[in-house]
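Please look at the sequence and the model first.

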Amino acid sequence: MTGYDHDEVNMTFAMFCPELKSRYAVYPFPKKLGERWLTPSTQAEFEGKPVVVLAAKEEEGPKEDYVYCKRGPLGPGYYHVLCKTVYVNLYTRIQNQGNGKFLFFFGDSKHADQWDTCRRIVYNRSRANRPDDVHAAEAAIDHIVGGVPGAGLKL
């Protein structure tokens, strides 16, 4: 499927994005999740829980199955990890942390590599149109080479 060790990626998620310890956000995404991201709505529910909980400020500590998003289609709040908005916000947060460069220059290349793996997978998910990590990796490649599916690939 991919070149990543699943257990290593999930451990890395726990280190850099603890919200991704959710059973819905494990790597790779479970196949049973369906073919679509959840649509952010304050009225919508997923398995009996709201998809979005609006909140002006982040509460102390992560909420299970949710990520606090400063920017979202409905405003700031907690969005379910099966909303694409989560990965756009997480990618921005990871990029702003900049841990990869800092760790690499101070000799901790293993942690720098873990940070980069987390960053890449979150980026891939932010580009995908459904919760599927194989599709996400392909969508990220297509985006990088100009948006034409298969462009730049030499088979």
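Glu19 lies in the loop between α1 (6-16) and β1 (45-46); helices (H or I, at least four residues) and strands (E, at least two) are DSSP runs, numbered from the N terminus. This is a predicted model, in which local features need pLDDT of at least 70, side-chain atom pairs count only at pLDDT 80 or more, and totals for chains, interfaces and linings use all residues. Residues are numbered from 1 along each chain as its sequence is written, and side-chain values use heavy atoms, with hydrogens and water left out.

**Glu19**
- Glu19 is buried, at a relative accessible area of 8% (buried means under 20%, exposed over 50%, partly exposed in between, with a 1.4 Å probe and protein chains only).
- Beyond its neighbours within four places in sequence, Glu19 is in contact with Pro62, Tyr66, Val67, Val81, Leu90 and Arg93 (contact means heavy atoms within 4.5 Å).

**Whole chain**
- The protein chain has 5 helices and 5 strands, in the order α-β-β-β-β-β-α-α-α-α along the sequence.
- Of the 155 residues in the protein chain, 41% are buried.

**Aromatic pairs**
- The structure holds 7 aromatic pairs (rings of Phe, Tyr and Trp, its six-membered ring, with centres within 6.5 Å; planes under 30 degrees apart are stacked, over 60 edge-to-face, the rest tilted).
- Tyr4 and Tyr27 form an edge-to-face pair, 6.0 Å centre to centre with 85 degrees between the planes.
- That pair links Tyr4 in the segment before α1 with Tyr27 in the loop between α1 and β1, 23 residues apart.
- Tyr4 is partly exposed at 28% relative accessible area, whereas Tyr27 is buried at 4%.
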